[in-house]
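Open your viewer and get ready to select residues.

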Amino acid sequence: MSTPTQQDSRPAVETMTLANALNAGLRRSLSEDDSVILMGEDIGTLGGVFRVTDGLQADFGADRVVDSLLAESGIVGTAIGMAMRGYRPVCEIQFDGFIYPAFDQIVSQLAKLRARSGGRLTVPVTIRVPVGGGIGAVEHHSESNEAYFCHTAGLRVVACASPDDAYWMIQQAIACDDPVIFYEPKRRYWDKAPVDVSFPPAGALPLDRARTVLSGTDVTVLAYGPTVRVALDAATVAQSEGISLEVIDLRSLSPLDIETITASVRRTGRAVVVHEAPTFAGMGAEIAAEIMERCFSSLEAPVQRVGGWNTPYPPARIEERYLPDIDRVLDAVEITRRY
C-alpha cells in the first residue's frame, strides 16, 4: 500500500460496525490507489443494499463507484477485462445466491488466466459477497457457497468475521494480485467492535493466516465468517461447565492456514469444525481430512462437523432450525469428549 493519507490523523482505534469498517477500508483503498474501481448493483446512489458503499460515489465519482446493470456475468466479465488493463476492480455481488450467473466467468476465466498466460497476466479482481443466513431473507438470499470456489484452483477465498479484520482484509484483498472471493457475514454487519486504523497496522495478519481468537486446552473449535461468534458464545457456556475451548477463526479458506490448525489440534487432541453450509462435501470435510492426515497420532476422538442440513436453505420462519447454534456446537464438543 502507498503512503498513508490524511485519514491517518484520526484516532488509532475507532469503534465501528463491520459494515462501516468495510466502508472505511474501501474508502482508504480508493484514496490510495487510483486504479481501484468499485462495481455493482445499486452501490452508488443507494450505497448498496447493506449500505457498505454508502457515500463513496459522492466522494469519488460515478466513474470509480459504478452502478452496474443487473447482470452478474457482465459485472465480473467487465472486471476481468479491466484488471487485464491495469485496474483493480472490486465487484459487489448483492446477495450470495446471485453469484451463480457469474460462475462461468469466475471459474473458467478469472481463476485460470494467470496460469493460462504462464504468469504473464494478473487479474487482481476482488469479488465481495454478503454470505449466509440469519436475516429472515427470501430464497436465494442466504446461501453459503464457499466450497464451490475453494474447489477452484487460482482463486483466493477469504471470510472476515470482525470489524477489525473487515477493515484490513478488504484492503489486503484489493492489493493482492490474485483474484479474491471476499465473503462478508451479512448477519454480522451491525456488530460493533474496536478497529485499529493505524498504519502500519498493529495487529493485522497476512490475508492467508488464521487467528486464534480464544485460547483453550480441551477442544479446538474451527469457524469462519458468521459462525465465529457462535463458537465464542459456545466457549463461554462451556467454560461455565469446566470445559476449555480454543476458538480459531480460519479467515482464509483457500489457502488454509494448516500450520495454525494442526498446531492447535496437536495440543487439544480434539476438533470441531463449524460452518453454515451443508456438511456434505463442505469445508468441514476438507479440514477434517487434513487434520486426520497430519494429526492422527495426536487425535483423541474423531473430528466433528457442525453445519447446515443437506437441504436447500429453508424459509425464513424456520431458518434458526437450520443454522448451527450454541447447542449443536456443544453437542459436538461433548461427543469428542466421550472418547
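**Stop one: the pockets**

The residues lining the largest pocket split into 14 nonpolar, 7 polar and 3 charged. Here Ala, Val, Leu, Ile, Met, Phe, Trp, Tyr, Cys and Pro count as nonpolar, Asp, Glu, Lys and Arg as charged, and the others, Gly among them, as polar. A pocket is an open set of points on a 1 Å grid over the protein atoms alone, where a 1.4 Å probe fits, with protein on both sides within 12 Å along at least five of seven lines; lining residues have an atom within 4 Å of a point.

The model is predicted: local features need pLDDT of at least 70, side-chain atom pairs count only at pLDDT 80 or more, and totals for chains, interfaces and linings use all residues. Residues are numbered from 1 along each chain as its sequence is written, and side-chain values use heavy atoms, leaving out hydrogens and water.

Now select Tyr100, Glu143, Ser144, Tyr148 and Pro278: of the 24 lining residues, these are the closest to the centre of the largest pocket. Next, colour strand E13 (271-278). E13 gives the largest share of this lining, 3 residues.

Move to the second largest pocket. Its 17 lining residues include Ala161, Ser162 and Pro163, among those nearest its centre. This lining has 6 nonpolar, 3 polar and 8 charged residues.

Which residues is Ile127 in contact with, leaving aside its neighbours within four places in sequence? Select Val76, Cys91, Ile93, Ile99, Ile106, Leu110, Val180, Ile181 and Phe182. Contact means heavy atoms within 4.5 Å.

Note on methods:
Helices (H or I, at least four residues) and strands (E, at least two) are DSSP runs, numbered from the N terminus.
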